[in-house]
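Student: I have a sequence and a model open side by side. Can you take me through the fold, one question at a time?

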Amino acid sequence: GGDGVISQVKPSASAGSSGVFTITGSGWGHGVGMSQNGAQGMAKTGKGYKQILDFFYHGTELRECSES
């Protein structure tokens, strides 16, 4: 439906044992976090991913993590 929630989560047909899932959603989102349209617009004006993430998630820290 168009209620902004994930409506379907299922393993991808070609996933095998890789753990890949297809997530299908709909609606206009929940109004919190990153706007896809806003992020795309910022990227089109030359902003980098760090600037975009800082705009939407100000005060957070972007860093690498390792798998353990």
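**Helix packing and its surroundings**

Tutor: Start with handedness: H1 and H2 cross in a right-handed sense. Keep in mind that this is a predicted model.

Student: Which residues make the contact between H1 and H2?

Tutor: Take the two sides in turn. H2 contributes Gln51, Ile52, Phe55 and Phe56. From H1 come Gly38, Ala39, Met42 and Ala43.

Student: How do the residues of that contact divide into nonpolar, polar and charged?

Tutor: Gly counts as polar here, and Ala as nonpolar. No charged residue takes part in the contact of H1 with H2.

Student: Are H1 and H2 parallel, antiparallel, perpendicular or oblique to each other?

Tutor: H1 covers residues 36–44 and H2 covers residues 49–56. Their axes lie 10 Å apart, at an angle of about 140°. Roughly antiparallel needs an angle over 145 degrees, and roughly perpendicular runs from 65 to 115. H1 and H2 are therefore oblique.

Student: In what order do the elements of the protein run from the N terminus?

Tutor: The protein has two strands and two helices. Reading from the N terminus, the order is β-β-α-α.

Student: How many aromatic pairs does a search of the whole structure find, and of what kind?

Tutor: The search of the whole structure gives one aromatic pair. Phenylalanine 55 and phenylalanine 56 form this pair, with ring centres 5.0 Å apart. Their planes are at 85°, and over 60 counts as edge-to-face. So the result is one pair, edge-to-face.

Student: Is phenylalanine 55 buried or exposed, and what about phenylalanine 56?

Tutor: Phenylalanine 55 has 56% relative accessibility, so this residue counts as exposed. Phenylalanine 56 has a relative accessible area of 19%, and the limit for buried is under 20%. Phenylalanine 55 is exposed; phenylalanine 56 is buried.

Student: Alanine 39 is in helix H1. Which residues does alanine 39 touch, leaving out those up to four places away in sequence?

Tutor: Alanine 39 is buried, because its relative accessibility is 11%. Its C-alpha atom is 9.8 Å from that of glutamine 51, which sits 12 residues away along the chain. Beyond four places in sequence, alanine 39 touches Met34, Ile52 and Phe56.

Student: Where is leucine 62, and which residues is leucine 62 in contact with beyond four places in sequence?

Tutor: Leucine 62 lies in the segment after H2. With a relative accessible area of 53%, leucine 62 is exposed. Its C-alpha is 7.8 Å from that of lysine 50, 12 residues apart in sequence. The contacts beyond four places are Tyr49, Lys50 and Leu53.

Student: What share of the residues in the protein is buried?

Tutor: The protein has 68 residues. Alanine 39 is one of those that count as buried. The buried share is 9%.

How values were computed
Residues are numbered from 1 along each chain as its sequence is written. This is a predicted model: local features need pLDDT of at least 70, side-chain atom pairs count only at pLDDT 80 or more; totals for chains, interfaces and linings use all residues. Side-chain values use heavy atoms; hydrogens and water are left out. Axes are lines fitted to C-alpha atoms, for helices over the stretch in contact, and angles run from 0 to 180 degrees between N-to-C directions. Angles under 35 degrees count as roughly parallel, over 145 as roughly antiparallel, 65 to 115 as roughly perpendicular and the rest as oblique. A crossing is left-handed if the near helix is turned anticlockwise from the far one by less than a right angle, and right-handed if clockwise. Contact means heavy atoms within 4.5 Å. Rings of Phe, Tyr and Trp (its six-membered ring) pair if their centres lie within 6.5 Å; planes under 30 degrees apart count as stacked, over 60 as edge-to-face and the rest as tilted. Buried means under 20% relative accessible area, exposed over 50%, partly exposed in between (1.4 Å probe, protein chains only).
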